[in-house]
Amino acid sequence: MENRKVALITGVTGQDGSYLSELLLEKGYDVHGVIRRSSVDYRERIAHLEGQPNFHLHYGDLGDSMSLVKVVGKVQPTEIYNLAAQSHVQVSFDSPEFTADIDATGVLRVLEAVRACHLEKTCRIYQASTSELYGKVEEVPQNENTPFHPYSPYAVAKLYGFWIIKEYREAYDMFCCSGILFNHESERRGETFVTRKITLAAARIAQGRQDKLFLGNLDSLRDWGYAKDYVECMWLILQNDKPEDFVIATGEQHSVRQFTELAFRRAGIELKFEGEGIHEKGICVAVSGSASADLVGKTLVEVSEDFYRPTDVVNLWGDPTKAKAKLGWNPSKTSFEQLVQIMVDHDMAKVAAEGAAAKVRTNLAEYLEKGIVK
Ligand code: NAP
Ligand code: GDD
């Protein structure tokens, strides 16, 4: 491996891209991120890094191969972390073609950009693969040998990404690997993923800024970890002696309902769930801290078909044994309870600080409630 430490991150503005940038800067890397032009400021997650001498941004797009060739040629990276994707599963049903272009062909474009720049022998590549590949699961828990059964346009696109990485590894002897990451969350998680939607709603409801939270399938089971712990594993995968794929997960499983109960409890609201399926409701039975006593007896959580998916993945549970043994990665660094606390405490402070401006942000909550934004 080369002594130069130059990382190129696609998806640098996303949840994982921002944590990975911080980690690599700490490790002394020159970090280059690929960003897209946007009419609004979407660089919130990396704003604190901009201006640092070793942090650089370049315009590019996974749908535009020339832009990738130009950036790769200019940066001459020793490591590429391909995190860019249309990453929302439900949205992939609305925009399947775009999702395929970015999440499937986009991976091929990155690999070909590396070859076009003659860096295939020196540049290591990490591909952000996903537990969604297991989809309609054929085995529980899931490990590196579990058969794939993708169950959404997103997962089908990511399956191509997984296989093209493997193909280039074998065909051209490239050091390229996939991390099969299970769900990982944080206070930087996008607001329409279920965990962040819940923690923001719990904070807003506790502070009187939202009336109700509408969710889809409460029975869905996920293996949720903390994003900050997971980016460390991305780096470890590229420091391994040989290119291999790894499952990254905590090895623990919880339902959407359990996440909701815990998050509301942390915000000072005790919920009791009653009813079944579309008729299930979360009713406030007690409050503590600053949450208003007026909430007691009110229905605060309801189920809406708007958030059901045509096909839903409902039983993800990862087995991180290989990553523990070969990479020395610790899957239990942040517990599920700690993760929920970190997210709720952050969102309680955020909602309180927003003050008058909170009304503006609440528009998003209203759109979420009505199912306009999924
Ligand atoms: P995220 O917050 O949604 O970030 C996605 C990133 O991709 C953003 O920076 C986005 O840029 C960028 N992007 C989207 N389309 C692009 C395009 N056409 N060209 C260039 N950049 C584009 O996702 P995340 O949670 O950080 O996840 C990172 C990666 O891991 C994704 O590939 C995701 O599919 C995968 N993954 C995530 C999880 C998880 O639980 N978080 C689990 C397994 C796998 P904009 O800011 O411009 O939109
Ligand atoms: N988003 C959302 N909104 N999901 C809901 C809701 C809701 O109101 N109600 C229930 N769910 C259920 C979904 O049906 C799904 O079964 C589960 O909660 C998790 O949904 P998301 O948080 O949207 O995440 P995801 O598991 O579909 O996808 C995330 O994790 C994948 C790894 O398994 C994304 O980060 C993907 O990019 C990633 O690959």
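Reply: The model discussed here is predicted. Tyr81 counts as buried, because its relative accessibility is 0% and the cut-off for burial is under 20%. A pair of aromatic rings is described by the distance of the centres and the angle of the planes. The count of aromatic pairs comes to 11, and Tyr81 forms one of them with Tyr126. The centres of these two rings are 6.1 Å apart and the planes meet at 40 degrees, so the pair is tilted. Tyr81 belongs to strand β4 (residues 79–82) and Tyr126 to strand β5 (residues 124–130), so their pairing ties together parts that are 45 residues apart in sequence. Tyr126 is also buried, with a relative accessible area of 0%.

A further tilted pair joins Tyr134 and Phe148, with 5.4 Å from centre to centre and 45 degrees between the planes. Both residues lie in the loop between β5 and α5 (153–172), and the pair therefore ties together parts that are 14 residues apart in sequence. Tyr134 is buried at 0% relative accessibility, whereas Phe148, at 21%, counts as partly exposed. Tyr134 and Phe148 belong to one aromatic cluster, together with Phe162, Trp163 and Phe182.

Charged side chains also meet aromatic rings. Lys27 lies over the face of Trp235, 3.9 Å from the ring centre. Lys197 places its charged end over the ring of Phe307, at 3.3 Å from the centre of that ring.

Key: Residues are numbered from 1 along each chain as its sequence is written. Chains are lettered from A and ligands numbered from 1 in the order in which they are written. This is a predicted model: local features need pLDDT of at least 70, side-chain atom pairs count only at pLDDT 80 or more; totals for chains, interfaces and linings use all residues. Side-chain values use heavy atoms; hydrogens and water are left out. Rings of Phe, Tyr and Trp (its six-membered ring) pair if their centres lie within 6.5 Å; planes under 30 degrees apart count as stacked, over 60 as edge-to-face and the rest as tilted. Helices (H or I, at least four residues) and strands (E, at least two) are DSSP runs, numbered from the N terminus. Buried means under 20% relative accessible area, exposed over 50%, partly exposed in between (1.4 Å probe, protein chains only). A charge sits over a ring if NZ of Lys or CZ of Arg is within 6 Å of the ring centre and within 35 degrees of the ring normal.
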